[in-house]
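Me: Please walk me through the side-chain contacts of this model. Keep it brisk.

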Amino acid sequence: MENGLEKKYIELNMGPQHPSTHGVLRLKLLLDGETVKHVEPVIGYLHRNAEKICELDYYCDSLIYFDRMDYVAAMNMEIGYLEAAEKLLAIEPTERVKWIRVVMAELGRIASHLVWAGAFGLDLGMLTPFFYFFEEREKILNIFTEVSGSRQETNYMSIGGVYQDFNDKIIYKIREFLKQFPKKLEEAYSLFVKNDIFISRTKGIGILEPEVALSYGVTGPMLRASGVPYDVRKDAPYLVYDKLNFDIPISKGKDVLSRFIVRFEEMRQSVKIVQQALDKIPDGPYFNPKAKKSLMIRLRGEGDVYARTESPKGEFGVHLIGDGTVKPYRVHVRSPSFKNLSILPYLSRDVLIADMVAISGSIDLVFGEVDR
Amino acid sequence: MNLLTRIADIFGFLGHFPAYAIAYIVETLIVIIFGTVAVAGMVYLFRKYMARVQIRIGPNRVGKFGLLQVMADGLKLFQKESIMPSGRDDLAYKVAPVMVFIGLMMGFVFIPYGPLAWFGSLTVTHSDVSLVILFALIAIMPIGEILSGIASNNKYAMLGALRGVAKDISFEVPMMLSILSVVVMASANVTNPLDLNGIIQAQSIPFIILEPLGFIIFFISMIARASQSPFDMGESDSELVTGNTTEYSGLRFGMFYLGLFGTIFLGSMIVSIMYLGGYNGPEVGYLGFVWLLIKTMILVVITLTVWLSMPRVRIDKFVNFGWKILLPLSFIQLIAAGFLTLGGIA
């Protein structure tokens, strides 16, 4: 410095018990006044050793640990695991099951994005929309309760099938939800995007160039908001996504606002998918007879599989290695939140604290999945 | 005959001076109790209103319709252990919440409440420059907030206090200029335009009609003064935990809480006096106080609605807004007020 004084930054510790950090994220900040000079995310506060525990369990039992990874979108996590496990065990789910899973996955995606939108509003100091989103989410959780008996950690699916078949009541409930949801969604959406303060807080903040995003391994709505139309559902279709008609929303904005818009557009697309799936759902058994309950713990798998699915946060990959016994040799998860979190220090260079909070909010972090 | 003389009459047997001394003390106490009860009522209203807006029910367990919830919360705060940070500046830490509380309550004393039925005028005291005194008194409150931030030995608190300073200096100048234009307008009709009573008497037409711009500037400033959303950068719970009040607990926190809601109430009262004609209305001599309360409550509800529906403004944007938009607008307003006064419209 010119006056001979050493320039000192304020070191600030945000989290893990901070009201704005999602879950148990801890951020070590270096501040120059209000400006963030450096961010260091510290993770591991929710580490539960899920991958190792999965290696100690039968193939059918590991599902519950995946429920607890991304705990706001448990259905999508289950599908992620089952895609890999069914490939390894060579058990194909029946046709009806595939459609049921698509319905559940898309409802889970809507629920997850609703939680995100509510929490994002809180990050920006908007308390009220949070309750509107959670009201809608609760309706989805009621549907989950109807099918699985559990609100959040559903444990609904199993190898080769699902726990319980769709009945008329469930389908009626889903249709009732879909009937009123788009209107509520638009109402809440306008609460945000018609607000000048919201626009000024999000537009042009946290710009993420597509090349940078790709080099960091960012996926999901974060990547699509940067203009890259990459979605596993389209690029490597699993289940029956190739038989459904839907768009992959992208945005050219690359900023926090476009992430917001992309996620809302995804919810609209998900509604479309669920509607189509409900119309097309075929009759048939709801589990594969090769994987009925009595045979479940005798399933043996050998080989090395990697399956990827599109979870609400991004590309969710599961790597399973079987050594011919009833338990997997190795389970590894490519969690999208973890990869997306790695972009935070890059994005929060020389921004204000308020913007840093907006950026970390826009990533959609769920710590069950980051730490596993 | 006003309330003060009525009380003084009761103590008349003590002689003129002691009777008035006691009367002043009693009425000040009444006003402080009124202020506290009004704030408690407003907290209840706020919680119920917020719950309705957010599709919830709100407090409904303590007392009928949860009416005693605020009291229960107050008692809880009273009983709580006051946990104080180590390395604090002890005196400043302890004085800060008291300053906020005193600044608020002193503000209530100078409000012209207007007459109410048999009691007569409820105003405690008046001065020819009560406007200046009032704003000098409520300017004590930010000092308490800044002091609390510096004394807490906490980085969140200090950042909150720094933001508080940046916020305060950016809206206070436009606020005082819009007050000045009110004074200019009032000076056309009355001889004591620096007196809040004079300002009310000058408003045969409420100033909100003559100075809509000034009303907007002043109202925004009052929302910012109460440091509530969208201008709650000082507390900003998602960034700085709770800013300057982070390290406070128990009764000391209660004083800050009271300060927050009290400022909303007092601010709305001042706005209704300056721009909506205060206690003016039909049957002034009998219902003046009621009119003031009704106008205040309308403004309070508007303020709370703003609170509930807005995200937080970023601090640098607010500073820009204050200096680059509000300040020029308030100058324009002042010039316009001058022309209106010269033209004899006011």
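Reply: A salt bridge is a side-chain nitrogen of Lys or Arg within 4 Å of a carboxyl oxygen of Asp or Glu. This is a predicted model, where local features need pLDDT of at least 70 and side-chain atom pairs count only at pLDDT 80 or more, while totals for chains, interfaces and linings use all residues. Residues are numbered from 1 along each chain as its sequence is written, chains are lettered from A in the order in which they are written, and side-chain values use heavy atoms, with hydrogens and water left out.

Me: Which residues are linked with A:R224 and A:E310 in a network of salt bridges?
Reply: The side chains of A:R224 and A:E310 meet at 3.0 Å, N to O. The two belong to distant parts of the chain, helix α9 (residues 221-225) and strand β6 (residues 302-311) of chain A, 86 residues apart; helices (H or I, at least four residues) and strands (E, at least two) are DSSP runs, numbered from the N terminus. Both A:R224 and A:E310 are buried, where buried means under 20% relative accessible area, exposed over 50% and partly exposed in between (1.4 Å probe, protein chains only). Their network also links A:E106, A:R109, A:D231, A:R233 and A:E266.

Me: How many salt bridges does the structure hold over all chains?
Reply: Side chains of opposite charge can pair when their charged atoms come close. One such pair is B:D90 and B:K94, at 3.2 Å, N to O. Over all chains, the count of salt bridges is 37.

Me: Where do B:D90 and B:K94 lie, and what separates them?
Reply: B:D90 is partly exposed, with a relative accessible area of 31%. B:K94 is partly exposed too, at 30%. Both lie in helix α4 of chain B, and being 4 residues apart, they are separated by about one helical turn.

Me: Is B:R225 buried or exposed?
Reply: B:R225 forms a salt bridge with B:D168, the closest N and O atoms being 3.8 Å apart. B:D168 lies in helix α7 (residues 155-187) and B:R225 in helix α10 (residues 212-225) of chain B, so the pair ties together parts that are 57 residues apart in sequence. B:D168 has a relative accessible area of 10% and is buried. At 5% relative accessibility, B:R225 counts as buried.

Me: What is the area buried between chain B and chain A?
Reply: The size of an interface is often given as the accessible area lost when the parts come together. Here buried area is the accessible area (1.4 Å probe) that two parts lose on being put together, summed over both. Contact means heavy atoms within 4.5 Å, and 26 residues of chain B are in contact with 33 residues of chain A. Carbon and sulfur atoms give 61% of the buried area, which is about 2,500 Å².

Me: Which residues of chain B lose the most area to chain A?
Reply: Three residues together give 23% of what the chain B side buries. They are B:E239, B:P311 and B:R314.

Me: Which residue forms a salt bridge with A:E34?
Reply: Between chain B and chain A, the count is 2 salt bridges. In the one with A:E34, the closest N and O atoms are 2.6 Å apart. The partner is B:R163.

Me: Which ring of chain A has B:R56 over its face?
Reply: A charge sits over a ring if NZ of Lys or CZ of Arg is within 6 Å of the ring centre and within 35 degrees of the ring normal. A:K234 lies over the face of A:F246, at 4.5 Å from the ring centre. B:R56 lies at 4.8 Å from the ring centre of A:F131.

Me: How many aromatic pairs does the structure hold?
Reply: Rings of Phe, Tyr and Trp (its six-membered ring) pair if their centres lie within 6.5 Å; planes under 30 degrees apart count as stacked, over 60 as edge-to-face and the rest as tilted. Over all chains, the number of aromatic pairs is 40.

Me: Why is the pair of A:W116 and A:F260 tilted?
Reply: A:W116 is buried, and so is A:F260. Their ring centres are 6.0 Å apart. The pair is tilted because the planes stand at 50 degrees.
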